[in-house]
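Here is a colleague's note on the model, in numbered points. Please read it with the structure open.

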Amino acid sequence: MKKCSVITIIIALAAGQSSGLTFIGPPVATLEEGQIGIDGDYTFTELDIDLAGYGRLGTLEEVELHSLFARFGYGINDSWECFARLGVAVMEGSPIDGDVEPAWGIGTKATLLTQQNLKIGCLFQIQWFKSEDELSVAGLSGDSEIDMYEFQVAFGAMYEAYGLQVYAGPFVNCVGGEVNIKTAGGTRSPAIEEEAEAGGFLGVAFEIRELFNLCVEYMFTSDATGLGIGTTWLF
């Protein structure tokens, strides 16, 4: 029976002051050449957003970002695949009470080395989010639009044995963008400034009655942790 990734449902939770964490998954290609995979993922992240510009510095604290994506993947060849994400997201918290807004992303991952049950690969993904609300931060107040992006670069290995797939590796996570605030004196656009954070991830996937894979992933940086849970239907 041929197996391929068709639908994945992911829940990722992150806590602590951070620049956001997003589910990574196996850092190797999982689609064969010409294969199409359709995934779905939900992510919750809590983060502080540092702003800089116009001689001012402020922070949007404890912003909660909820995002829901459909991910469409395509196998360029047996060792390389790309994907696009389309979905919605909402930012909430004490300084923000935004509405549901469109969100999107792109990414790619590749298998660099295969040796028996061991695969080594890398992944890059970037997501864009936006939110509209009335903000007051660093002495600036008015109707605002937040345009934010998040990208991750990961490198890791996956080992398969006894029906289990175990994967792990390091990653770098970064957030950027700008906040456009309409004030009486005109529109001000302080930048979102977040330093890149290094972290690690560890995950395991196992088959349940030849129907689907259950995937559990743990992520961490110096000031944040994350948990991802996913299912992948097999046929």
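1. G176 lies in strand β8; strands are DSSP E runs of at least two residues, helices H or I runs of at least four, each numbered from the N terminus. G176 counts as buried because its relative accessibility is 3%. The cut-offs are under 20% relative accessible area for buried, over 50% for exposed, and partly exposed in between, with a 1.4 Å probe and protein chains only. Leaving out residues up to four places away in sequence, G176 touches D147, M148, Y149 and I192. Contact here means heavy atoms within 4.5 Å. G176 and E193 are 17 residues apart along the chain, and their C-alpha atoms are separated by 5.9 Å.

2. A word on the basis. The model is predicted: local features need pLDDT of at least 70, side-chain atom pairs count only at pLDDT 80 or more, and totals for chains, interfaces and linings use all residues. Residues are numbered from 1 along each chain as its sequence is written, and side-chain values use heavy atoms, with hydrogens and water left out.

3. V166 also has its place in strand β8. V166 has a relative accessibility of 37%, so this residue counts as partly exposed. Its contacts, leaving aside neighbours within four places in sequence, are A157, M158, Y159, L202, G203 and V204. C215 is 49 residues from V166 in sequence, and 9.5 Å away in space, C-alpha to C-alpha.

4. Overall make-up: 13 strands and zero helices. Of the 235 residues in the chain, 46% are buried. Take the contacts between residues at least 6 apart in sequence: 62% of them join residues at least 24 apart.

5. Strand pairing next. Two strands pair if DSSP finds at least two bridges between them. Strand β4 (residues 80-92) pairs with strand β5 (residues 101-115) in the antiparallel sense, over 10 bridges. L86 has W104 in β5 as its bridge partner. β5 also pairs with β6, again antiparallel, over 11 bridges. There, G107 stands opposite Q125 in β6. β5 and β6 form a hairpin with two residues between them. Q116 in that turn has a positive phi of about 55 degrees.

6. The largest one has 21 residues, and I49, L60, M91, F129, I146, M148 and I192 touch the most other members. Two or more residues each come from β2 (36-53), β3 (56-77), β4, β6, β7 and β8 (164-183). β3 gives the largest share, four residues. A second, separate core has 13 residues, including L21, L123, F171 and M219.

7. How many salt bridges does the structure hold? One. The criterion is a side-chain nitrogen of Lys or Arg within 4 Å of a carboxyl oxygen of Asp or Glu. E145 bridges to K130, with the closest N and O atoms 3.8 Å apart. The pair links distant parts of the chain, 15 residues apart: E145 is in strand β7 (residues 140-161), K130 in strand β6 (residues 118-137). E145 is partly exposed because its relative accessibility is 23%. K130 has a relative accessible area of 21%, so K130 is partly exposed too.

8. Aromatic pairs number six. Rings of Phe, Tyr and Trp (its six-membered ring) pair if their centres lie within 6.5 Å; planes under 30 degrees apart are stacked, over 60 edge-to-face, the rest tilted. Y149 and F151 are stacked, at 6.5 Å centre to centre with 10 degrees between the planes. Y149 has 31% relative accessibility, so Y149 is partly exposed. F151 is partly exposed because its relative accessible area is 24%. Ring pairs join F124, Y149 and F151 in a cluster.

9. Finally, charges over rings. The test is NZ of Lys or CZ of Arg within 6 Å of the ring centre and within 35 degrees of the ring normal. R71 lies over the face of F83, 4.5 Å from the ring centre. R85 has its charged end over the ring of F69, 5.7 Å from the centre.

Methods: A nonpolar core is a set of buried Ala, Val, Leu, Ile, Met, Phe, Trp, Tyr and Cys residues joined through side-chain atoms within 4.5 Å.
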